[in-house]
Amino acid sequence: MIKSNIKQLVLSFLLLISLKPLQSAEMVDPIKVDWSFKGLTGTFDRASLQRGFQVYKEVCASCHSMQYLSYRNLGETGGPEFSEIEVKAIAASFEIEDGPDDQGEMFTRPGKPSDKFKNPYPNVKAAIAANGGAYPPDMSVLVKARKGGANYIYSVLVGYEDPPPGVTLDDGVYYNKYMIGNKIKMPNNLSDGLVEYSDGTESTVDQMAKDVTTFLAWAAEPELEERHRTGVKVIIYLILLTILVYLSMKKIWSRIDSEI
Amino acid sequence: MSEHEYTPKSKAGKWFNDRLPLLTLGAHLTDYPTPKNLNYWWTFGGILTFCLITQIVTGIVLAMHYVAHADLAFASVEHIMRDVNYGWLIRYIHSNGASMFFLAVYIHIFRSLFYGSYKSPREVIWIIGLMIYLLMMAAAFMGYVLPWGQMSFWGATVITNLFSAIPLVGDSITTWLWGAYSVDNPTLNRFFSLHYLIPFLILGLVVLHIWALHVPGNNNPVGIDIKKPSKDTVPFHPYITIKDAFALLVFMIIFAGFVFFTPNVLGHSDNYIPANPLVTPAHIVPEWYLLPFYAILRSVPDKLGGVILMFSAIFILFVLPWLDTSKVRSAVFRPIYRQFFWILVIDVLMLGYVGAMPAEGIYLVLARVGTIYYFLHFIVVMPVVGYLEKTDPIPMSISEPVLTGGAEPSLARKINDKV
């Protein structure tokens with residue numbers, strides 16, 4: 001009788017938490033993508049990461065910073081894994097401000113792998129001024145900073161639509177199905193064939209969105225592959241140790257049970 | 001506990017032990033007679049010790065790389081995640097470790113509630129435990145502020161603003177706490193300092209908690225005193241140590257699952273957005289382990305009333321040993337109280353759930369119902385049920401589950417299954 005009462009209480013609680021929170025009607029759940037980095041042993045698609053970096057560099061980087069990444073990260077294991085020569089070439093293609101020199105002057109020089117990704121704007125205010133009053137967020141940890149993660153970023157990239165009747169948009173504001181509030185100040189920057197992939201992959205909007213999202217997912221969690229690999233080993237080790245300790249415990253306690 | 005005097009075997013050991021009886025202490029801890037019927041709910045003390053040590057060790061390493069400055073804190077956490085060797089692992093253990101710590105402490109507290117471990121003669125253990133719990137909440141709250149993300153900043157703003165509800169001096173106190181006119185760099189600095197201090201205060205209280213435990217000895221699932229130590233108890237080592245080790249390992253598997261496979265699921269995504277005093281997040285929510293209290297706070301329309309009720313929700317636990325009028329400790333033999341116990345568990349879970357939801361509509365109603373029941377449970381149910389309840393027959397001793405009064409075999413078996 002008591003057990004059944006408890007069961008009823010638990011069931012009613014489960015029923016309660018299954019009631020979905022009342023959300024605003026226009027919110028749409030992000031598209032679920034079967035990312036290669038999902039799951040317990042997920043890893044990044046190396047080619048997709050390299051293509052994603054290209055999309056970032058040619059499209060996103062003109063407005064979005066990625067200030068916590070360094071060019072050297074692009075060559076590290078678990079990432080796009082560009083070769084050392086490629087990383088040096090990528091870094092050198094950016095002019096980085098350095099200094100002050102012995103005369104107290106700032107100067108520019110070609111980038112080195114140890115440099116952080118170059119910011120498109122000198123400061124946040126400049127970024128806001130150049131983007132119609134909206135700050136293009138830093139993308140280093142963007143995937144972790146949004147509910148829905150990679151699915152959400154991808155959905156926003158492919159979620160541009162004409163506004164439904166009755167919705168009026170100000171200048172410089174765009175309608176996006178998946179964006180919170182449906183209004184976004186970033187224009188739809190992706191169009192079929194926008195970048196030319198060196199590996200011959202067709203650069204459809206969907207492909208570019210997936211590639212750049214993969215790149216951003218890695219940027220936010222560069223440790224993901226190592227974390228998954230280590231995690232599997234740690235759990236296997238712990239399970240084996242648990243079994244051994246369990247058997248020892250049974251053996252030790254059997255001394256007592258025989259006494260009773 | 002009448003232990004025969006311990007004498008070290010070696011001469012050096014004897015010399016040292018006469019001056020500082022550490023070896024006697026060691027012998028006491030190994031031989032400590034423990035009820036042999038303890039179930040797995042009793043393994044959380046060891047698990048909590050592990051959690052505290054893990055938090056201290058990982059925290060000390062994190063503090064070597066972290067920078068407590070409003071302009072640099074967020075970047076220094078990213079530096080830990082990206083550039084420090086295994087920084088991601090240390091930080092994820094520390095952040096998930098806080099959640100695991102609270103998971104364990106809640107089980108530990110509810111175990112005490114179920115088996116009446118707070119009752120005479122263990123009131124002081126219970127009160128020290130609550131002080132540890134209070135310090136844990138303070139440490140966790142301040143720790144959550146340190147990454148200086150959006151939830152850090154706004155969580156700190158909401159919680160510190162609670163003090164402004166105090167009449168007359170509230171605003172001055174809040175400004176004093178902040179060290180500024182809003183949550184700002186001085187606030188971050190002092191929170192870091194206190195966040196480093198509190199775990200060591202907790203460690204000190206843990207020593208007192210265990211000391212106070214070793215005076216009357218452990219409670220146990222049947223809640224009766226030890227009659228014959230030779231029959232009812234086992235030495236702490238190896239019996240309890242091996243059992244604690246097994247339970248700890250199971251706990252560590254779950255812990256590792258969070259750390260390696262879903263390290264951010266218990267956090268809030270907004271905390272990866274750097275703190276911005278000009279942008280308020282849509283919903284400011286504390287970490288999950290504080291949600292029931294957050295629900296109580298928001299269930300009251302008046303700010304001061306909410307603050308008083310929230311603090312009362314914790315402080316009422318301090319007088320629990322005197323609110324409970326039942327002579328029987330373990331809820332195993334308390335058919336009525338046992339049901340109210342489970343209602344309380346559901347109530348607290350429900351409060352936690354509505355604490356995460358916007359304070360409006362049905363959630364507000366549920367929060368109010370939950371809050372009222374929470375207080376009724378302690379103020380009315382516990383004293384009244386203790387008086388009126390007809391408890392089940394209690395075994396004579398731990399080793400003989402023979403019942404006093406009319407022995408009914410089926411009931412005895414049922415009790416044995418439970419314990």
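This is a predicted model: local features need pLDDT of at least 70, side-chain atom pairs count only at pLDDT 80 or more; totals for chains, interfaces and linings use all residues.
**Notebook: helices, domains and chain contact**

Residues are numbered from 1 along each chain as its sequence is written, and chains are lettered from A in the order in which they are written.

I then noted that helix H3 (residues 44-65) and helix H5 (residues 87-115) of chain B pack at about 155 degrees with their axes 8 Å apart, where helices are DSSP runs (H or I, at least four residues) numbered from the N terminus, and axes are lines fitted to C-alpha atoms over the stretch in contact, with angles from 0 to 180 degrees between N-to-C directions. That angle makes H3(B) roughly antiparallel to H5(B) (over 145 degrees).

Next I looked up the domains of chain B, which are domain 1 (28-273) and domain 2 (285-388), with bounds from an automatic or database domain assignment. Their centres, taken over C-alpha atoms, are 21 Å apart, and their contact takes 27 residues from domain 1 and 22 residues from domain 2 (C-beta atoms, placed from the backbone, within 7 Å). On the domain 1 side, H6(B) gives the largest share, eight residues.

Last, I turned to the contact between the chains, which takes 34 residues from chain B and 35 residues from chain A. On the chain B side, the largest share, 14 residues, comes from H11(B).

Technical notes: Two residues are in contact if their C-beta atoms, placed from the backbone, lie within 7 Å. Helices (H or I, at least four residues) and strands (E, at least two) are DSSP runs, numbered from the N terminus. Angles under 35 degrees count as roughly parallel, over 145 as roughly antiparallel, 65 to 115 as roughly perpendicular and the rest as oblique.
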